Amino acid sequence: MVKAKTWILKKHFEGFPKESNFELREEALPELQDGDVLVEAVYLSVDPYMRSLSKMWIKEGDVQYGTQLAKVVKSKDPAFPEGCYVVANCGWRTHTVTKAKGPAGPILTRIVSEWPSDISMSLALGSLGMPGLTALYGLEEVCKVQPGETILVSAAAGAVGAMVGQICKIKGCKVVGSAGGDDKVAYLKELGFDQAFNYKTVSSLEEALKNASPEGYDCYFENVGGPLFTAALKNMKPRGRIAVCGAIATYNDTTPQTCPYPHHEIITRQLKIEGFMVGSWQHKDEESIKRMLKWMKEGKLKVKEVVTAGFENMPAAFIRMLKGDGLGKAIVRV
């Protein structure tokens with residue numbers, strides 16, 4: 001009998017998450033039935049959406065939701081033979097018995113067959129997975145960026161933002177990034193961003209945006225919310241497009257933030273603002289990952305990871321990620 005370690009959400013978050021919100025448990029897994037697969041986690045992802053969507057997706061006492069790169073240990077599904085690797089929507093668990101598909105869609109997805117041996121499979125949770133796909137679809141499907149355009153991205157040193165900037169350069173765009181630290185600004189310049197600034201130290205967000213691109217911005221890839229969003233609106237070009245991916249500056253608020261009503265800027269500049277979620281283009285994922293793999297092999301995409309060792313450290317890794325500690329995609333190695 002296989003036993004699994006799991007992290008359950010003991011109490012919903014109020015304000016910034018604490019380790020006491022979680023509880024480590026152990027459970028015995030059932031024997032496999034026809035169509036079942038037993039997977040063992042190798043890497044687990046920690047992401048901002050785990051904070052923002054918590055009360056919508058799970059209740060207290062449930063296993064914390066999330067994605068992992070896992071190995072198939074036993075299988076009664078011929079599409080997932082023993083030894084293959086999958087991206088698994090199984091939550092914070094070391095082992096899981098599951099079907100490949102659930103009521104809401106795929107639970108297991110095999111990594112692409114062309115995955116190079118010299119590229120870590122952990123990137124299937126980062127630049128070559130959900131965060132990378134989010135960047136790609138936000139630019140191609142929502143903003144529909146064109147060569148020569150100027151793109152602004154917030155939280156630019158994060159897992160999504162860093163990919164946004166690099167894909168913009170591949171597509172022949174000028175890109176400006178905002179980040180919360182001088183080390184992060186330096187990292188953005190290493191990645192090829194045309195301009196970058198530390199939003200924590202500038203005297204005026206509006207002026208920083210103007211200085212970085214006096215002619216304004218064709219597109220804004222929005223990850224943070226808060227005052228930067230308001231300042232960005234005032235610097236958009238007429239008929240600018242805004243892809244709203246996240247609002248990490250607001251996720252831990254106990255009292256909602258207020259800001260000047262933005263309607264005047266939206267109306268007079270005739271802005272298009274669209275929220276999106278990466279799953280809308282799931283049918284394109286395999287082809288999209290292959291494109292990004294090609295760019296990486298060509299040296300056009302650079303990545304960093306913040307790796308925490310030990311399943312027991314999942315809550316600590318999650319909290320550090322929300323604080324913005326480290327450069328790169330946050331993952332846990334079991």
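Student: How many residue pairs are in polar contact between domain 1 and domain 2?

Tutor: This is a predicted model, in which local features need pLDDT of at least 70, side-chain atom pairs count only at pLDDT 80 or more, and totals for chains, interfaces and linings use all residues. Residues are numbered from 1 along each chain as its sequence is written, and side-chain values use heavy atoms, with hydrogens and water left out. The domain bounds, from an automatic or database domain assignment, are 3–125 + 304–333 for domain 1 and 130–278 for domain 2. A polar contact is a pair of N or O atoms within 3.5 Å; within protein, one must be able to donate a hydrogen and the other to accept it, and residues adjacent in sequence count only if both atoms are side-chain atoms. Between the two domains, with both residues at pLDDT 80 or more, the number of such residue pairs is three.

Student: How many of the residues of helix 4 are buried?

Tutor: Helices (H or I, at least four residues) are DSSP runs, numbered from the N terminus, and helix 4 covers residues 159–170. Buried means under 20% relative accessible area (1.4 Å probe, protein chains only); Val 160 and Cys 168 are among the buried residues. Helix 4 is largely enclosed by the rest of the structure, because the buried residues number nine of the twelve.

Student: Which residue just after helix 4 takes a positive phi?

Tutor: The end C-alpha atoms of helix 4 are 17 Å apart. Just after this helix, a positive phi of about 80° is taken by Gly 172.

Technical notes:
Helix = DSSP H or I, 4+ residues; strand = E, 2+ residues; numbered from the N terminus. Expected span 1.5 Å × (residues − 1). Buried < 20%, exposed > 50% of the residue type's maximum accessible area, 1.4 Å probe, protein only.
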